[in-house]
Each structure stands twice: as C-alpha cells, then as structure tokens.
Amino acid sequence: MTKDELRSSVQFIIDGTKQKEIGIYALVGDTYYKLDVVETVEQDFISLFASGIKKSIIENDKYEVMAYSTSDERKNCYYQYDLEEFPAEIQTMASVVGAQDVEVYHIDEASTLSDIDALYIVLSYQNEVVVLYKNISQLDFVDVHQRFFLVKSDHQLTKLDKDYLRISSTFQMIRTSLGTVILDLKPLEKSEGFGQVIANEVSARINSIESIGLIEDMDSFKSYLDGISSKKALLQLKNSQVIKKQIGAAAIVAFVKSKEKLKKIFNYSEDGTKLAPSSKAETKRLLKLLNDDYVISELTLSEYETLAKDIMP
C-alpha cells in the first residue's frame, strides 16, 4: 500500500456531498458493545474524525507507508499490518463492520465510562467503509468525584457534575478496503495478544535461520535475542532475500570473508564454516547480514549499511 492509495481509500470521509453513516463501539475487556449515542453527537463524531483523517492522512506529507514486518528505525512511518496472525484488536476492526444485534453498553453503577479500553468508529458510505481504532487511557476519563472542571453558565462559573470521556480526533489504527494501517505502534505493542503474535513470528524466523545451518551454537544465539530491538530485527527477516532465495551457509560465510570490513566484525567456528556470534552486538550484525543490509556499490565499490532496499521492477 502506498501513501496515495491510503489517501484514496479514505477520500470519501472528507467529501461533504456524501452522507456518511457511523457506528460507535466500546471495547470493555475482551468484549465490544455498541454505544448508544444521540444522533446529533453522532454527527459530531463524524466531523471530528473526518478532521482527524484529513490532518493525519490526507494533508500530512511527512509519512510513508511500509509493511510492519519490515519496520526499521526510519521515522515518520505508518505501518501496514502484514503478519499472518491477527491480535484481537485488529480482528475486532473487521468484526464490527456490519455487526448485527450487538449488545448496547449501559452506563450504570456496575459499568462506567472508566471501564472502556478503546473505541471502534465505523464510518461508511454505500460500499465504502473505514474503521478507526482509538485507544482510551485513564487520562481520557474524568471522574467528578476526583476532580472537576469549571464551565461558563450565563455570567458565572459552574462545574460539570457528571463523569465524562475526553474524545480527540486522533486514532491509532485505521482499516480500509486495502488493509489495516497502524499510525501509532505504542498501544498495540503493549497488548498481551499482540505480544503472543510477535512471539510466534519470532519463533518462525528463528526456525528459518536454523534451517540455513549458518550459526554454530543456536542456543547461544537465542540467548542474545531478549530485547524488543532484536525481535523487530527478526521480524524484518520475513521478506529477507537471503532467506527467500535460500542462500546457503557456505555462500554467506564466503561473502563475509571476502569483504575487508565485514570479516573483522564476525567470529567463526573452529573450522571456519559457520558464524559464532558471542555478544548482542554481534548478533545484531548477523541479523543485518541476513537482512541483506550490507551492500556494495558496483559503481563505486564502496561498502554500505542500508535500511531501505526497494527492489527495482
């Protein structure tokens, strides 16, 4: 998905000639409920999030869209979700589209606004549908027993006497006809379900590395993969040309030894046929090697370490 394709898929939201419909759902624990919102406020929701989409996607020129599995240290990126498994948060983005007979969330002493973990906003016009995921934090909930806000009332000030949720136009994920795009990774990466998805993906990448027969001691190698940066580096190997083309251990070791700078930054097995990483830093370099981050310009013969590798058509 490109930036222009993403923009095109949400263009109907800001088209004032199209009468949009809206569905608002609250995630409470593991269950989502329909919110019973008065019609005039529903229209306010549409206007609010149309403004948010316009600002963050249509008018914003500072981002690029890239696949989550290839996400790296580049800034100003939105991420198209492309892992094979889906955490509950993203599954629900599909479930709320066209959902029927969803239980209404009743606000009472047992169920309060503070129980809401996230909102799903479904915006549609005929066959065009967009779903927004908006994380709700405790900072968004105002308990009038803990604090109060002063508002104007005629020529005096009075206070709000009911609990309320503060709703801004920002959102963390958006689902269009082209797929799901993550604008803010932080809430999703804190999710327990997403953590399990990542663990499964990481396990698959480790198995792919082991099948090459490149590393002398896999147990030692795994012991250095305990940080989030290592997990992200492993995820990037989903589209590694080194692994996809099944480049063998002999060819990889020969490549390393043939480059003056590379051969000095790796350790080898006693017989010299495998790599033997002995630190987190060396393990990180090995993952970069498998992701084909070390390239040589045929024009200048200069050696580079690069993040972006867009294959020419």
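## Terms and model

Helices (H or I, at least four residues) and strands (E, at least two) are DSSP runs, numbered from the N terminus. The expected span of a helix is 1.5 Å times one less than its number of residues.

The model is predicted: local features need pLDDT of at least 70, side-chain atom pairs count only at pLDDT 80 or more, and totals for chains, interfaces and linings use all residues. Residues are numbered from 1 along each chain as its sequence is written, and side-chain values use heavy atoms, with hydrogens and water left out.

## Confidence

The predictor's confidence in each residue is given as pLDDT, from 0 to 100. For the protein chain the average is 88, and 95% of the residues score at least 70. Among its elements, the lowest mean pLDDT, 72, belongs to strand S14 (residues 303–305), and the highest, 97, to S11. Where pLDDT is low, the predicted coordinates should not be read in detail.

## Helix H2

Helix H2 spans residues 39–58, 20 residues in total. From its first C-alpha to its last it reaches 27 Å, close to the expected 28 Å.

Buried means under 20% relative accessible area, exposed over 50%, and partly exposed in between (1.4 Å probe, protein chains only). The buried residues of H2 are Glu42, Phe45, Ile46, Phe49, Ala50, Gly52, Ile53, Ser56, Ile57 and Ile58. They cover an arc of only 165° around the axis, so they are on the same side of H2; the arc is that of the directions from the helix axis to the C-beta atoms. On the other side of H2, Thr40 and Lys55 are exposed.

Contact means heavy atoms within 4.5 Å. The buried residues of H2 pack against helix H1 (3–10) and against several strands, including S1 (21–28), S4 (77–80), S5 (118–125) and S6 (128–135).

## Ser9 in helix H1

Ser9 is in helix H1 and, at 13% relative accessibility, counts as buried. Leaving out residues up to four places away in sequence, Ser9 touches Val130, Thr176, Ser177 and Leu178. Ser9 and Val130 are 121 residues apart along the chain, while their C-alpha atoms are separated by 8.3 Å.

## Nonpolar cores

A nonpolar core is a set of buried Ala, Val, Leu, Ile, Met, Phe, Trp, Tyr and Cys residues joined through side-chain atoms within 4.5 Å. The largest has 51 residues, of which Tyr68, Leu214 and Leu290 touch the most other members. Helix H5 (residues 192–212) gives the most to this core, with seven residues. Apart from it lies another core, of 35 residues, among them Phe12, Ile13, Ile57 and Phe171.

Not counting residues up to four places away in sequence, the contacts of Leu214 are Ala249, Ile252, Val253, Lys274, Leu275 and Leu290.

## Hairpin and positive phi

Two strands pair if DSSP finds at least two bridges between them. Strands S8 (residues 150–153) and S9 (residues 156–159) run antiparallel and are joined by four bridges. Leu150 has Lys159 in S9 as its bridge partner. The two strands form a hairpin with two residues between them, and Asp154 in the turn has a positive phi of about 60°.

Most residues other than glycine have a negative phi. Gln246, in the loop between helix H8 (241–244) and helix H9 (249–258), has a positive phi near 55°. At 69% relative accessibility, Gln246 counts as exposed. Asp292 also has a positive phi, of about 60°, and lies in the loop between helix H10 (280–290) and strand S13 (294–296). At 31% relative accessibility, Asp292 counts as partly exposed.
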